[in-house]
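Hello,

Below is the structure I said I would pass on. My notes on it follow.

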Amino acid sequence: GGDGGDAAPLVLPFEANSGELRTEVGNLAGIGSSKTTQKVQNYRCQTLLERYAEPLQGVLWALDAHRRYDNQTMYAAWRHLLHNHAHDSIGACSDKGVHEDVDHRFVHCNEMAGHLAGH
């Protein structure tokens with residue numbers, strides 16, 4: 001009949017997994033760390049962009065047809081933030097220079113996002 005009761009069971013083309021999906025291949029074995037200070041910086045920058053800078057710029061542009069949406073600064077702020085999301089950037093397994101670069105990008109992102117959010 002049309003009630004679906006006699007349909008064949010769904011067979012998935014892959015194996016079901018549970019728990020952590022970690023392998024020793026392509027992953028730094030034993031690394032489960034992060035730089036907490038950089039995680040906090042990331043949260044602050046991302047929140048400032050998502051919840052304040054983007055919405056405020058959109059509202060200000062909508063209210064004033066002569067106001068230019070500052071997409072260059074917005075793009076640059078997002079670019080700095082997203083560069084910090086690369087493979088080993090925030091994980092505490094890179095050398096000091098990488099973490100200094102990450103901190104530098106967070107400073108720039110925060111400054112730009114703060115400017116766009118009116119801080």
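In this predicted model, helix H2 and helix H3 run roughly antiparallel to each other. H2 covers residues 71-83 and H3 covers residues 96-117; their axes come within 8 Å and cross at roughly 150 degrees. Since angles over 145 degrees count as roughly antiparallel, the pair falls in that class. The crossing of H2 past H3 is left-handed. On the H2 side, the contact is made by Thr73, Met74, Ala76, Ala77, His80, Leu81 and His83. On the H3 side, the residues are Arg105, Phe106, His108, Cys109, Met112, Ala113 and Leu116. Sorted by class, this contact has nine nonpolar, four polar and one charged residues.

For orientation, the chain as a whole has three helices and zero strands, in the order α-α-α along the sequence. It has 119 residues, of which 23% count as buried. If you take the contacts between residues at least 6 apart in sequence, 67% of them join residues at least 24 apart.

The other two helix pairs are as follows.

H1 and H3: the axes come within 9 Å and cross at roughly 25 degrees. The two helices are therefore roughly parallel to each other, and their crossing is left-handed. From H1, the residues that meet H3 are Gln38, Gln41, Asn42, Cys45, Leu48, Leu49, Tyr52, Ala53, Leu56 and Gln57. Their partners in H3 are His99, Val102, Asp103, Phe106, Cys109, Asn110, Ala113, Gly114, Leu116 and Ala117. The contact of H1 with H3 has twelve nonpolar, seven polar and one charged residues.

H1 and H2: here the axes are 11 Å apart and the helices pack at an angle of about 160 degrees. H1 and H2 are therefore roughly antiparallel to each other. This crossing is left-handed. H1 contributes Asn42, Cys45, Gln46, Leu49, Glu50, Ala53, Glu54 and Gln57, which meet Met74, Ala77, Trp78 and Leu81 in H2. By class, there are seven nonpolar, three polar and two charged residues in this contact.

Next, the core. The largest nonpolar core has 15 residues, and those with the most contacts inside it are Leu49, Ala53, Leu81, Phe106 and Cys109. H1 (36-63), H2 and H3 each supply at least two residues of this core. H3 gives the most, with seven residues.

Setting aside its neighbours within four places in sequence, Leu49 is in contact with Glu54, Pro55, Met74, Ala77, Trp78, Leu81, Cys109 and Ala113.

One of those partners, Ala77, is found in helix H2. Is Ala77 buried or exposed? Its relative accessible area is 0%, so Ala77 is buried. Apart from residues up to four places away in sequence, Ala77 touches Leu49, Cys109, Met112 and Ala113. Ala77 and His108 are 31 residues apart in sequence, yet their C-alpha atoms are 7.2 Å apart in space.

Two further residues may be worth a look on screen.

Ser89 lies in the loop between H2 and H3. With a relative accessible area of 6%, Ser89 is buried. What does Ser89 touch, not counting residues up to four places away in sequence? The list is Gln38, His83, Asn84, Val98, His99, Val102 and Arg105. For one of these, His99, the separation from Ser89 is ten residues in sequence and 6.8 Å in space, C-alpha to C-alpha.

Glu100 is placed in helix H3. Its relative accessibility is 44%, so Glu100 counts as partly exposed. Glu100 and Ser89 are eleven residues apart in sequence, and 9.9 Å separates them in space, C-alpha to C-alpha.

To go through the model in order, you could start with the contact of H2 and H3, go on to the core that H1, H2 and H3 supply, and end with Ser89 in the loop between H2 and H3.

Regards

Key
Residues numbered from 1 in each chain as written. Predicted model: local features only at pLDDT ≥ 70, side-chain atom pairs only at ≥ 80, totals over all residues. Heavy atoms only, no water. Axes fitted to C-alpha atoms, helices over the stretch in contact; angles between N-to-C directions. Helix = DSSP H or I, 4+ residues; strand = E, 2+ residues; numbered from the N terminus. Parallel < 35°, antiparallel > 145°, perpendicular 65-115°, else oblique. Left-handed = near helix turned anticlockwise from the far one by under 90°. Contact = heavy atoms within 4.5 Å. Nonpolar A, V, L, I, M, F, W, Y, C, P; charged D, E, K, R; others polar. Core = buried A, V, L, I, M, F, W, Y, C linked by side-chain atoms within 4.5 Å. Buried < 20%, exposed > 50% of the residue type's maximum accessible area, 1.4 Å probe, protein only.
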